[in-house]
Amino acid sequence: MSITRLTEGSYVTRQAVTKHLNVLAEAGLVRDYWQGRERVWELRTEQLEKARSVLDTISAQWDSALQRLRAMVEE
Amino acid sequence: MTDRIEKQILLRAPRSRVWRAIFDKTEFGAWFGVKFPAGTFAAGEKVSGNITHPGYEHFVMDIELISVTPERQLSYRWHPYAVDPNVDYSSEPTTLVTFTLEDAADGTLLTIVESGFDQIPLHRRAEAMRMNDRGWTEQTTNIKRHVTASR
């Protein structure tokens, strides 16, 4: 999406939106590229999915550890 | 909701028994899968030990004890993705793990919260994911074997 589209119907300035987008880009959540003379932004959903799946893995590790804890204290 | 993991489990054992399994370094290590030096945890101390899961033995787990409230709560900070022996993680953000014990009708209610994941750089998480993937299947089989054997 272009900055024009992103600021449509909002009171936030283009500069403010660009600033936010740059922060998100640093975090790896969005990226930009040039389409002709326009800078276009897109969401990097794969990064969010990655973060989500790492959390799922750690969550599964806790589940396994807790089953071992249960076996230990309930015996 | 990517910042925290919360687990709650009802254990059919007295609070003192569950506390020992968390507070005693050897007992903690037995179910968590790490070999810590013998003794009990004290607030403020740093403890490190080798992971005992097959295929992970060269990984060192470093934790820093934040609080120890007998039979109630224990918390520590650590680097959840510190899996690459060639990287110095000391300046990176940590997550906080808190164990809370409460009496329940027929045992002890244990709540575990691990928070602070949003502070960890995404590239680090992705890296850990790749390394985790490799050993994960193996580890799951291993756990199944252990749990079945101890029944």
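Trainee: Which residues have the most contacts inside the largest nonpolar core?

Mentor: This is a predicted model, and the answers should be read as such. Its largest nonpolar core has 24 residues. The residues with the most contacts inside that core are A:Val73, B:Val18, B:Ala21 and B:Ile22.

Trainee: Which element gives the most to this core?

Mentor: At least two residues each come from α3 of chain A and from α1, α2, β4, β5 and β6 of chain B. With five residues, the element that gives the most to this core is α1(B).

Trainee: Which residues of α1(B) are buried, and against what do they pack?

Mentor: In α1(B), the buried residues are B:Val18, B:Trp19, B:Ala21, B:Ile22 and B:Phe23. Within chain B, they pack against β1, α2, β5, β6 (95–104) and β7 (107–115). From chain A, their packing partner is α3 (45–73).

Trainee: With which residues is B:Ala21 in contact, leaving aside its neighbours within four places in sequence?

Mentor: The contacts of B:Ala21 in chain A are A:Leu69, A:Met72 and A:Val73. In chain B, again leaving aside neighbours within four places in sequence, B:Ala21 is in contact with B:Glu27, B:Phe28 and B:Trp31.

Trainee: Which element gives the most to the side of chain B that touches chain A?

Mentor: In all, 29 residues of chain B are in contact with 24 residues of chain A. On the chain B side, β1 (4–11), α1 (15–23), α2 (25–32) and α3 (122–149) each supply at least two residues. By class, that side has 19 nonpolar, six polar and four charged residues. The element that gives the most, with 11 residues, is α3(B).

Trainee: Where in chain B does pLDDT stay under 50?

Mentor: Chain B has a mean pLDDT of 83, and 78% of its residues reach 70 or more. Where pLDDT is low, the predicted coordinates should not be read in detail. For the stretch concerned, the model has 10 contacts beyond four places in sequence. The stretch under 50 is residues 134–144 of chain B.

Trainee: Where in chain A is confidence highest?

Mentor: The mean pLDDT of chain A is 87, and 100% of its residues reach 70 or more. Confidence in chain A is lowest in helix α1 (residues 3–7), at a mean of 84. It is highest, at 91, in strand β1 (residues 30–35) of chain A.

Trainee: Is B:Glu71 buried, partly exposed or exposed?

Mentor: B:Glu71 lies in the loop between β4 (60–69) and β5 (73–78) of chain B. Its phi is near 60°, a positive value in a residue other than glycine. Because 16 other C-beta atoms lie within 10 Å, B:Glu71 is partly exposed.

Terms used. Residues numbered from 1 in each chain as written. Chains lettered and ligands numbered in written order. Predicted model: local features only at pLDDT ≥ 70, side-chain atom pairs only at ≥ 80, totals over all residues. Helix = DSSP H or I, 4+ residues; strand = E, 2+ residues; numbered from the N terminus. Buried ≥ 20, exposed ≤ 12 C-beta atoms within 10 Å, placed from the backbone. Contact = placed C-beta atoms within 7 Å. Nonpolar A, V, L, I, M, F, W, Y, C, P; charged D, E, K, R; others polar. Core = buried A, V, L, I, M, F, W, Y, C linked by C-beta atoms within 7 Å. pLDDT = per-residue confidence, 0-100.
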